[in-house]
Amino acid sequence: MQSVAENKKSNNIAEYIIYMYQMEDLIRSYQGNPEEIKSFVVEKYPVSEEEKSKITAWYMELLEKMKIQNILEKGHLEELNNLAYELAQIHWKLLKTDPAYFEAYGKAKPFILDAVIQAEGQDLGNEIQICLNGVYGLLLCRLLGKKVSDEQLKSADAYGDILSMLSYHYKVKNAISKN
């Protein structure tokens, strides 16, 4: 929902990106059918009709963006790709300047490399995109009731540490640029 998304966007940009991945997949699960999204998603919210109307408008706006950007089957919104790239820019800077970040990255690096090896040549994007996908993959497994291995938990934990630090630096950077 819009209020949840806005709250995540202002407080933890990585959580926002992952939340929006979930919203994209929710829309895809109904093949972008507006009536089904209204009936099976929006109508289930225990809120007033006025709130449901706002929620519907938000989902329809998201659906329209997905249609325009031709990502109804796969891919992510341009805004989300840009945010992931912005986090990657911060990542590359912190690797050179922040020993604590470099240490956290060192713990995640084996999992990142393993993901690249397992992809067998498929382009997974930059390292931060791999971290986002890893955390989102864990979320999907849990939502679908799938068994999660210890290795998945360890990788998601390491990815989460990196994403947490990046979200903090993103928030600080944007707070400074607004002043």
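This is a predicted model: local features need pLDDT of at least 70, side-chain atom pairs count only at pLDDT 80 or more; totals for chains, interfaces and linings use all residues.
Helix 5 has as its buried residues Leu-80, Leu-83, Ala-84, Leu-87, Ala-88, Ile-90, His-91 and Leu-94. Viewed down the helix axis, these buried residues fall within an arc of 165° and therefore line one face of helix 5. Lys-93, Lys-96 and Thr-97, on the other side of the helix, are exposed.

The structure contains 12 salt bridges. One of these joins Glu-15 to Lys-8, with 3.4 Å between the closest N and O atoms. Glu-15 is partly exposed, at a relative accessible area of 40%, and Lys-8 is likewise classed as partly exposed, at 23%. Within helix 3 (residues 34-40), Glu-35 and Lys-38 are 3 residues apart, about one turn of the helix, and their side chains form a salt bridge with an N to O distance of 3.6 Å. Lys-38 has a relative accessibility of 28% and so counts as partly exposed.

In helix 6 (residues 99-118), Glu-103 and Lys-107 are 4 residues apart and are thus separated by about one helical turn. Their salt bridge places the closest N and O atoms 3.9 Å apart, and both residues are exposed.

A nonpolar surface patch is formed by Tyr-168, Val-172 and Ile-176, which together have about 320 Å² of accessible area. Tyr-168 is located in helix 8 (residues 150-178) and is exposed, with a relative accessible area of 53%.

Key
Residues are numbered from 1 along each chain as its sequence is written. Side-chain values use heavy atoms; hydrogens and water are left out. Patches are made of residues with over 30% relative accessible area and no salt bridge: like charges are joined within 9 Å, nonpolar side chains (Val, Leu, Ile, Met, Phe, Trp, Tyr) within 5 Å. Accessible areas come from the Shrake-Rupley method with a 1.4 Å probe; for residues, only the protein chains shown count as cover. A salt bridge is a side-chain nitrogen of Lys or Arg within 4 Å of a carboxyl oxygen of Asp or Glu. Helices (H or I, at least four residues) and strands (E, at least two) are DSSP runs, numbered from the N terminus. Buried means under 20% relative accessible area, exposed over 50%, partly exposed in between (1.4 Å probe, protein chains only). The arc is that of the directions from the helix axis to the C-beta atoms.
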